[in-house]
Amino acid sequence: MNWPTATSTIDLVNAHTHQQEAEFQARRKRARRTAWIVGGIAIAIFLLSILQMLNV
Amino acid sequence: MAHAAHDQHDHHDHEHHGPPRNFIERWVFSTNHKDIGTLYLVFALTMFFIGGSFAMVIRAELFKPGLQLVQPYFFNEMTTLHALVMIFGAIMPAFVGLANWMIPLMVGAPDMALPRMNNLSFWLMPFAFCVLLSTLFMPGGGPAGGWTMYPPLSLQGESIAYTIFAIHLMGISSIMGAINIIATILNMRAPGMDLLKMPVFVWSWLITAFLLIAVMPVLAGAVTMLLTDKYFGTNFFNAAGGGDPILYQHIFWFFGHPEVYIMILPAFGIVSEIIPTFARKPIFGYKAMVFAIASIAFLSFIVWAHHMFAVGLPMGAEIFFMYATMLIAVPTGVKVFNWVTTMWGGSLTFETPMLFSIAFVILFTIGGFSGLMLALAPADFQYHDTYFVVAHFHYVLVTGAAFAIIAAAYYWIPKWSGNMYNETWGKIHFWSSVISVNVLFFPQHFLGLAGMPRRIPDYNVAFANFNMISSIGGFWFGASQLIFLGVIIHTVFFAKKKSPDRSWEGAKGLEWTVPSPAPHHTFAVPPVINDDELAHGHVDH
């Protein structure tokens, strides 16, 4: 939560400093990890719902 | 200072990184959340009119007793496709479109977390609906067994394969959309935008996205088993082969009931944004609103068999599902109370979004009351499969979900287009819609109580008068939506009146700090979160 914020004109001119860019990429990486986890849960629920195939 | 600062930045950003000039590049290959949101909304509006035209065929046929215009099989195709198109093609994509447009703006993110997957989620939808609607032109016709696709009825004819493929595509699209929304909300919020500072609309979508992840795969499983029963010799739902058709109903409604909440929770979020704006007060009971949405979502998983009271459930199951269903009235009552209390003592004005939101609160509550009546297991034996059910769910989905989407369109279109809509025509659209929708659906309560079954093209002459009134209301409501189309086209392409950045005097939230129309890229530099700017005011942790 230490992502620097734009509070002055200087900040704006130098928008997307390296630190900001690194933090942004880290967030994107965490977002991709979240997506894989949630997607995995969805696939698991799908497989669970057709598990009955094994009983028939 | 902070807001002025990022406004400047956005202008700067817009000049150098505007949308691609090439039409195909912009709209087909788009990864921009605003463009994809627009695509979803245009798609949903198109499907709304296609699904609406099917409804017009239904109401025209039911205008008088006797077979008038279409053959019974075609009538059944219309009822089936009207539901599938409206649920999966209009309501859900409209909410996803609103989520795409507004969630990044509301949480201060530069875009959705997974922009390319966002593009794929959208483009699966038109393909899925082309497959689904193409079945109308197949030899043997399209699906006619109802949107619930109960076997063995739904397995007649070959179009079921196309229908199942289309549903798989829609399901994949919905799941990818939900993944994107969850990843965006959990990871892309601006610093300082804590979970309990998020607007209620964002909360409602976060919870809805988890519902989608939990139940869309179950629908996919159910229809996959239908497919294997039809084409690969399995007997999951075939009683002659040792299967159980009731099993399908259990699996379907385990998806189907949360699906109802998938279509209403984002509507709760929208109304929770609009009412505080036009009451010029923070929403009453912000945390209670969030917890009520979460409670409703949880309860939606344990009530599915109230759709099946008439199949012969054990007494214990009927009692459990009856009481569990009635329990939903508690958090829903909390929400209605909080909306009314937000308005109480507020400095109210009645622009079109507010009018649709107030109509939502009143008419959705009527739908909720008839839902309570249907929840009573003994009474449901009388109501089941009658027009009372049709009246109930149309009050929930038309005056509930659809009215909220229309309210959202009026509320945010100044931000999307940079132009103000024509308030006079907006109000004409509202009054015409709100009167006609009651003429359309209220008499259906009486028809149902008198015993008129749903999904029939012909009926006893005793039901003639109410059906004629309902059909007149239907044509009137359908025509009213052409006004909506006209207002949108006028606002986007022809309106002269420009919108300020903050389109509504009482509007709060990050989305109103960016210019109107919102630049192609926003919040490339994260905004400063100021509690005074939040729609629900300061929240103690």
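Me: In which segment of chain B does P517(B) lie?
Reply: P517(B) lies in the segment after α17 (464-494) of chain B. Helices (H or I, at least four residues) and strands (E, at least two) are DSSP runs, numbered from the N terminus.

Me: Before we continue, what kind of model is this, and how are residues and chains labelled?
Reply: This is a predicted model, in which local features need pLDDT of at least 70, side-chain atom pairs count only at pLDDT 80 or more, and totals for chains, interfaces and linings use all residues. Residues are numbered from 1 along each chain as its sequence is written, while chains are lettered from A and ligands numbered from 1 in the order in which they are written.

Me: Back to P517(B): which residue is joined to P517(B) by a cis peptide bond?
Reply: That residue is S516(B), and omega is about -5 degrees. A cis peptide bond also joins P151(B) and P152(B), with omega about 5 degrees. P152(B) is in the loop between α5 (115-134) and α6 of chain B.

Me: What is the phi of M149(B)?
Reply: M149(B) is not a glycine, yet its phi is positive, about 55 degrees. M149(B) sits in the loop between α5 and α6 of chain B.

Me: Is M149(B) buried or exposed?
Reply: M149(B) counts as buried because it has 22 C-beta neighbours inside 10 Å. A residue is buried if 20 or more other C-beta atoms lie within 10 Å of its own, exposed if 12 or fewer, and partly exposed in between, with C-beta atoms placed from the backbone.

Me: And what about D385(B)?
Reply: D385(B) has a positive phi of about 60 degrees although it is not a glycine. Its place is the loop between α14 (377-383) and α15 (387-417) of chain B. With 13 other C-beta atoms within 10 Å, D385(B) is partly exposed.

Me: Let us turn to α9(B). How many of its residues are buried?
Reply: In α9(B), 15 of its 15 residues are buried, and the helix is mostly covered. Helix α9 covers residues 265-279 of chain B, and at 1.5 Å a residue its 15 residues should span 21 Å, which agrees with end C-alpha atoms 21 Å apart. The expected span is 1.5 Å times one less than the number of residues. R280(B), which has a positive phi near 55 degrees, follows α9(B).

Me: At what angle does α9(B) pack against α13(B)?
Reply: The angle between α9(B) and helix α13 (residues 352-375) of chain B is about 125 degrees, with the axes 9 Å apart. That makes α9(B) oblique to α13(B). Axes are lines fitted to C-alpha atoms, for helices over the stretch in contact, and angles run from 0 to 180 degrees between N-to-C directions. Angles under 35 degrees count as roughly parallel, over 145 as roughly antiparallel, 65 to 115 as roughly perpendicular and the rest as oblique.

Me: Which residues of α9(B) and α13(B) make that contact?
Reply: From α9(B) they are A267(B), V271(B), I274(B), I275(B) and F278(B), and from α13(B) they are P353(B), M354(B), S357(B), F360(B) and V361(B). Two residues are in contact if their C-beta atoms, placed from the backbone, lie within 7 Å.

Me: How does α10(B) pack with α12(B)?
Reply: Helix α10 (residues 286-299) of chain B and α12(B) pack at about 150 degrees, and their axes are 8 Å apart. That makes α10(B) roughly antiparallel to α12(B). The contact involves A288(B), M289(B), A292(B), S295(B) and I296(B) of α10(B), together with P331(B), T332(B), V334(B), K335(B) and N338(B) of α12(B).

Me: Is W344(B) buried or exposed?
Reply: W344(B) counts as exposed, with 11 C-beta neighbours inside 10 Å. W344(B) is in the loop between α12 (329-343) and α13 of chain B. Its C-alpha atom is separated by 8.2 Å from that of A279(B), 65 residues apart along the chain.

Me: Now chain A. How many helices and strands are there?
Reply: Chain A has two helices and zero strands. Of its 56 residues, 12% count as buried.

Me: Which residues of α2(A) are buried, and what covers them?
Reply: The buried residues of α2(A) are A31(A), T34(A), A35(A), V38(A), A42(A) and S49(A). Their cover includes α6 (159-187), α7 (200-231) and α8 (245-262) of chain B.
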